[in-house]
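Trainee: Could we go through this model together? I would like to begin with the overall fold and then turn to details.

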Amino acid sequence: KKKKKKKKKSKKKDKKDKKDKKDKGEDAKNLNDQFGKYGFIRASEKFHKQDEFRAWLSEVKHIDWGMLAGRERDDMWGEFVEDFNTATLPHVKYYNMHEWEQSDSRKKSAKLHKKHKKLKEGSGKNMGVSDEQQREQELQQKRQQKASQEYATELDAVALMHQAKEKEAMAKILSMAMASKK
């Protein structure tokens with residue numbers, strides 16, 4: 001009987017060990033899948049990801065880029081590179097700022113468009129109403145027109161902001177190109 005109990009215990013232990021190894025393997029696999037998920041950058045590629053690095057510094061570390069000395073800046077850049085390569089930055093925007101801004105802009109535009117469309121659909125209901133109801137509907141229409149105008153203004157502002165950011169990015173690229181020619 002003692003031999004049978006020992007065999008059962010050893011079998012249970014073997015099963016538990018296998019399960020533990022399997023679980024650890026899945027964790028390792030997930031970490032490997034994450035590593036380099038957004039690409040790899042080297043410490044020497046500082047100028048390619050400068051916008052992302054500055055945003056990360058100010059928003060995550062709460063440090064002003066201009067206040068850092070050269071050595072401290074290099075140390076923070078090393079930390080950013082490590083987090084970038086291991087895909088552990090706190091937000092997707094720190095991997096590709098330009099792409100994230102475009103995506104965010106599209107989402108905001110779609111949301112505003114949906115809101116505007118909803119307001120337009122609500123304004124076409126005017127049949128057999130009293131004077132009070134008609135007055136209320138007129139006020140509602142005025143509110144909707146105002147909301148439509150605000151929507152158009154917001155869309156224009158988003159478009160202008162996007163154009164300004166694109167121009168700023170092009171200016172940076174041109175200035176870097178000019179600096180490299182010197």
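This is a predicted model: local features need pLDDT of at least 70, side-chain atom pairs count only at pLDDT 80 or more; totals for chains, interfaces and linings use all residues.

Trainee: How many helices and strands does the chain have?

Mentor: There are five helices and zero strands, taken as DSSP runs (helices H or I, at least four residues; strands E, at least two) numbered from the N terminus.

Trainee: Where is Lys93?

Mentor: Lys93 lies in the loop between α3 (70-85) and α4.

Trainee: Is Lys93 buried or exposed?

Mentor: Lys93 is buried, at a relative accessible area of 14%; buried means under 20%, exposed over 50%, and partly exposed in between, with a 1.4 Å probe and protein chains only.

Trainee: Which residues does Lys93 touch?

Mentor: Leaving aside residues up to four places away in sequence, Lys93 touches Glu52, Glu59 and Trp100, where contact means heavy atoms within 4.5 Å.

Trainee: On to the pocket lining: which element gives the most?

Mentor: α5 does, with nine residues. By class, the lining of the largest pocket has ten charged, six polar and six nonpolar residues. Here Asp, Glu, Lys and Arg count as charged, Ala, Val, Leu, Ile, Met, Phe, Trp, Tyr, Cys and Pro as nonpolar, and the others, Gly among them, as polar.

Technical notes: Residues are numbered from 1 along each chain as its sequence is written. Side-chain values use heavy atoms; hydrogens and water are left out.
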